[in-house]
Amino acid sequence: MWIFGWKGPSGFSASSTAEEVTQGIDGTGLTAIVTGASSGIGVETTRVLALRGVHVVMAVRNVDAGRNVKESILKEIPGARIDVMELDLSSLASVRKFASDYESSSLPLNLLINNAGIMATPFMLSHDNIELQFATNHIGHFLLTNLLLETMKNTACKSNREGRIVNVSSEGHRFAYREGIRFDKINDESGYYSMFAYGQSKLANILHAKELAKRLKEDGVEITANSLHPGSIMTNLLRHHSFINAIGNMVGKYFLKNIPQGAATTCYVALHPQVKGVSAEYLSDSNISNPSSNAKDAELAKRLWDFSLILTNPK
């Protein structure tokens with residue numbers, strides 16, 4: 001259990017669960033994509049959104065695992081509307097195929113929850129020769145968001161309901177490389193530190209939402225973009241660090257959030273009326289929070305956007 005339960009201005013705290021922050025909210029008529037929906041807080045996010053009536057599309061790398069999660073949720077919520085689609089965020093080709101298949105389905109899109117992530121992996125390159133954490137946590141989601149944006153705009157216009165884009169970041173963004181984003185050294189193995197590279201990718205999630213929110217506002221469309229810290233949770237993210245994982249499993253129940261608490265801020269930002277019209281913010285414990293100075297740097301956000309466009313444009 002979480003030992004600190006002080007409530008913020010929203011009326012919720014670090015100990016609030018995803019069910020608690022969405023209590024009484026009717027999501028019927030909304031359609032959401034949740035990336036990384038077959039494990040960790042992605043499963044709970046999917047379950048609670050479905051519980052509130054949202055049609056959830058699980059975007060997952062392992063389709064069999066996704067189908068198993070879907071079946072378990074349907075046993076609990078027989079009327080849930082859930083689909084499973086394949087998406088490997090470390091492959092730009094897979095992202096493009098997913099977006100194309102989604103567009104072909106003619107489904108609307110109200111909520112895009114960029115939840116999937118990997119953490120502190122050994123140095124590896126993605127299918128597109130981009131450092132794997134940066135590729136998976138940021139670049140894949142950046143391209144996915146851009147490709148689905150027109151569908152979101154059309155949905156917001158036709159439904160007259162605000163669209164919401166939610167980037168699941170981390171307080172780990174405070175522990176990025178000193179310069180924030182190493183634009184000239186993204187693939188530099190010699191200077192690679194797994195936790196700094198993770199922090200870099202999570203900083204990118206915040207900067208992405210910040211610049212996207214600015215552009216959406218300039219376009220005059222009713223879509224918000226925010227980022228968040230889900231809390232410190234024991235999931236399989238630290239599977240590459242067995243010692244830390246073992247310590248976390250021993251003491252985690254006293255100091256870390258459980259998964260229902262970890263999914264709370266995501267579900268709050270996605271569904272709660274208090275967040276209507278709120279954009280370009282960073283939230284934690286279902287309350288607006290204050291990120292690092294790098295995360296508030298508008299010039300860095302713009303530079304990252306332009307850099308990401310170059311990386312995602314077909315050669």
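Tutor: Start where helix H5 starts. There, a side-chain oxygen of Glu-131 comes to within 2.8 Å of the backbone nitrogen of Gln-133. Keep in mind that this is a predicted model.

Glu-131 is one of the residues that line the largest cavity. By class, the lining splits into four nonpolar residues, one polar and four charged. The volume of this cavity is about 40 Å³. How many cavities of 30 Å³ or more does the structure hold? One.

Now go along the helix. H5 covers residues 132-159 and bends by about 45° at Leu-149. Most of H5 is covered, with 20 of its 28 residues buried.

Next, a neighbour from another helix. His-208 sits in helix H6, which spans residues 194-219. Is His-208 buried or exposed? Its relative accessibility is 3%, so His-208 counts as buried; the cut-off for buried is under 20%. Leaving out residues up to four places away in sequence, His-208 touches His-138, His-141, Phe-142 and Thr-145, along with Asn-167, Leu-304 and Trp-305. Place the numbers His-138, His-141, Phe-142 and Thr-145 against the range of H5, residues 132-159. With Asn-167, the contact is polar: side chain to side chain, at 3.1 Å.

Then the end of the helix. Asn-160 follows H5, and the phi of Asn-160 is positive, near 55°.

Move on to Arg-161. Where does Arg-161 turn up? In the lining of the second largest pocket, among the residues closest to its centre. Leu-30, Glu-162, Arg-164 and Leu-271 are the others named as closest, out of 13 lining residues. This pocket holds about 250 Å³ of space. Its lining divides into six nonpolar, two polar and five charged residues.

Helix H9 runs over residues 264-271, and Leu-271 is among its buried residues. Besides Leu-271, they are Ala-264, Thr-265, Thr-266, Cys-267, Tyr-268, Val-269 and Ala-270.

To recap H5: Glu-131 contacts the backbone nitrogen of Gln-133 at its start, the helix bends at Leu-149, and Asn-160 with its positive phi comes after it.

Conventions: Residues are numbered from 1 along each chain as its sequence is written. This is a predicted model: local features need pLDDT of at least 70, side-chain atom pairs count only at pLDDT 80 or more; totals for chains, interfaces and linings use all residues. Side-chain values use heavy atoms; hydrogens and water are left out. The bend at a residue is the angle between axes fitted to the seven residues ending there and the seven starting there. Helices (H or I, at least four residues) and strands (E, at least two) are DSSP runs, numbered from the N terminus. Buried means under 20% relative accessible area, exposed over 50%, partly exposed in between (1.4 Å probe, protein chains only). A polar contact is a pair of N or O atoms within 3.5 Å; within protein, one must be able to donate a hydrogen and the other to accept it, and residues adjacent in sequence count only if both atoms are side-chain atoms. On a 1 Å grid over the protein atoms alone, a cavity is a set of points where a 1.4 Å probe fits but cannot get out, and a pocket is an open set with protein on both sides within 12 Å along at least five of seven lines; lining residues have an atom within 4 Å of a point. Grid points are joined across faces, edges and corners, and a volume is the space filled by probe spheres set on the points. Ala, Val, Leu, Ile, Met, Phe, Trp, Tyr, Cys and Pro count as nonpolar, Asp, Glu, Lys and Arg as charged, and the others, Gly among them, as polar. Contact means heavy atoms within 4.5 Å.
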